[in-house]
Amino acid sequence: MVDAEKCPDPDVREPTAEEIKEQGNQCVRAGNYKEAILHYSQAIKMTPNPDATLFSNRSLAFLKVKLYYYANEDADRAIQLRPDWAKGYFRRGEVQTAAGHYDTALLAYGRALQLQPNDITIINAAQKVANLSSREAKMAKRLPWMFVAAGTLLGVLISLADTFLAEKPSLAHPAVAFLLTLALALLGYGGYRMYRYMVNMQKKGNLEAPVDLLEGFEKQEDVEDPAETGGTANRNRYSKAQARQRFRKGKS
């Protein structure tokens, strides 16, 4: 007698890559981007020939959860697979814009417009990033003066307060007041330089690969007792997959 529980149901079948892709699309429309990433990743694994559309869609999902490095990687992969497809360059432009790299985004949108000149979505996106780039350039010219002005104003206020409010003014001499004001103005400029450095580092970090916390486990080795192996140490090197499994077991 045949065990019915072991017989496969003829009506049950594994979903196709196209069906899984559509599940990802539904998740994107519902705003469930993390689940969409899982569906697109599964569809990519099931597709024998790499599909630029899947990488483009997953790039969008990564972008929505602010994983800019992975979003950019998928956009580049889509461009590599279909260099004559405007959507791949559009995706790259979206990622670069979100990461604050406006000039690079303009180049990507420009290439997309070369391939699809009349696409209003690309045109609007290019215009938006052009405005952002122009605004950033203007602020880059104004901010140093604003920081210096703030330092100068602070120095003047301190000098006035010392002159009119203190019983024994310590900044009564004009040279002393001038030096204080100059020092605070220079301090303001130093604050601007620090601010610009932090902004640039943040932009750079947006597209850098995240730290792989499991990297050290790839080279993890177990050393047997030399006494048990005839004086010879036997080193077993683990693969990345094995290391990840060991790491997960260690956490449980």
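How many residues does helix α4 have, and what does it reach from its first C-alpha to its last? This is a predicted model, in which local features need pLDDT of at least 70 and side-chain atom pairs count only at pLDDT 80 or more, while totals for chains, interfaces and linings use all residues. Residues are numbered from 1 along each chain as its sequence is written, and side-chain values use heavy atoms, with hydrogens and water left out.

Helix α4, residues 68–81, has 14 residues and reaches 20 Å, close to the 20 Å expected at 1.5 Å a residue; the expected span is 1.5 Å times one less than the number of residues, and helices are DSSP runs of H or I with at least four residues, numbered from the N terminus. Within α4, Tyr68, Ala71, Asn72, Asp74, Ala75, Ala78 and Ile79 are buried, where buried means under 20% relative accessible area and exposed over 50%, with a 1.4 Å probe and protein chains only. These residues cover an arc of only 165° around the axis, which puts them on the same side of α4; the arc is that of the directions from the helix axis to the C-beta atoms. An α-helix has 3.6 residues a turn, so residues three or four places apart point the same way. The buried residues of α4 pack against α3 (52–64), α5 (86–98) and α8 (174–206), contact being heavy atoms within 4.5 Å.

Turning to the loop between α3 and α4, we find Lys66 there. Phi of Lys66 is near 65°, a positive value in a residue other than glycine, and Lys66 is exposed, with a relative accessible area of 61%.

Key
Helices (H or I, at least four residues) and strands (E, at least two) are DSSP runs, numbered from the N terminus.
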